[in-house]
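User: I have a structure open and would like to talk it through with you. Could you take my questions one at a time?

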Amino acid sequence: MTQPHPDEASAPPGPEARLSRLEAQVATLAEAVRVLARGLENIPSQDVSPEEAARGARLAHELLLAQGL
């Protein structure tokens, strides 16, 4: 395997790499919102327990942290 040229190693990522990273970040944010909403969801026949809300918030936070957001 060859080493990248020093100029290439320090070059900013190209548009395709930036778009790919942005798409991954948006997907992670969407999943975090879904998890959070699920934890806060109020079903008419049930009360939302504080544990469910806390679990949703914790999972959303962990998703964001795992992706460096």
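Predicted model: local features only at pLDDT ≥ 70, side-chain atom pairs only at ≥ 80, totals over all residues.

User: Is Arg-34 buried, partly exposed or exposed?
Analyst: Residues are numbered from 1 along each chain as its sequence is written, and side-chain values use heavy atoms, leaving out hydrogens and water. Buried means under 20% relative accessible area, exposed over 50%, and partly exposed in between, with a 1.4 Å probe and protein chains only. Arg-34 has 45% relative accessibility, so Arg-34 counts as partly exposed.

User: Thanks! Which side chain meets Arg-34 in a salt bridge?
Analyst: Side chains of opposite charge can pair when their charged atoms come close. A salt bridge here is a side-chain nitrogen of Lys or Arg within 4 Å of a carboxyl oxygen of Asp or Glu, and the structure holds one. At 2.9 Å, N to O, the partner of Arg-34 is Glu-31.

User: Where do Arg-34 and Glu-31 both lie?
Analyst: Helices are DSSP runs (H or I, at least four residues), as are strands (E, at least two), numbered from the N terminus. Arg-34 and Glu-31 are three residues apart, about one turn of the helix, and both lie in helix α2 (residues 15–40).

User: Which residues make the nonpolar surface patch?
Analyst: Patches are made of residues with over 30% relative accessible area and no salt bridge; like charges are joined within 9 Å, and nonpolar side chains (Val, Leu, Ile, Met, Phe, Trp, Tyr) within 5 Å. Accessible areas come from the Shrake-Rupley method with a 1.4 Å probe, and for residues only the protein chains shown count as cover. Leu-22, found in helix α2, is partly exposed at 46%. The patch, of about 270 Å², is made by Leu-19, Leu-22 and Val-26.

User: And what is Leu-36 in contact with, leaving aside its neighbours within four places in sequence?
Analyst: Leu-36 lies in helix α2 and is partly exposed, with a relative accessible area of 33%. Its C-alpha is 8.3 Å from that of Arg-55, 19 residues away in sequence. Taking contact as heavy atoms within 4.5 Å, the partners of Leu-36 are Gly-56, Ala-57 and Ala-60.

User: Which element has the highest mean pLDDT?
Analyst: The chain has a mean pLDDT of 79, with 77% of its residues at 70 or more. Among its elements, helix α1 (residues 6–9) has the lowest mean, 59, while the highest, 89, belongs to α2.

Notes
pLDDT = per-residue confidence, 0-100.
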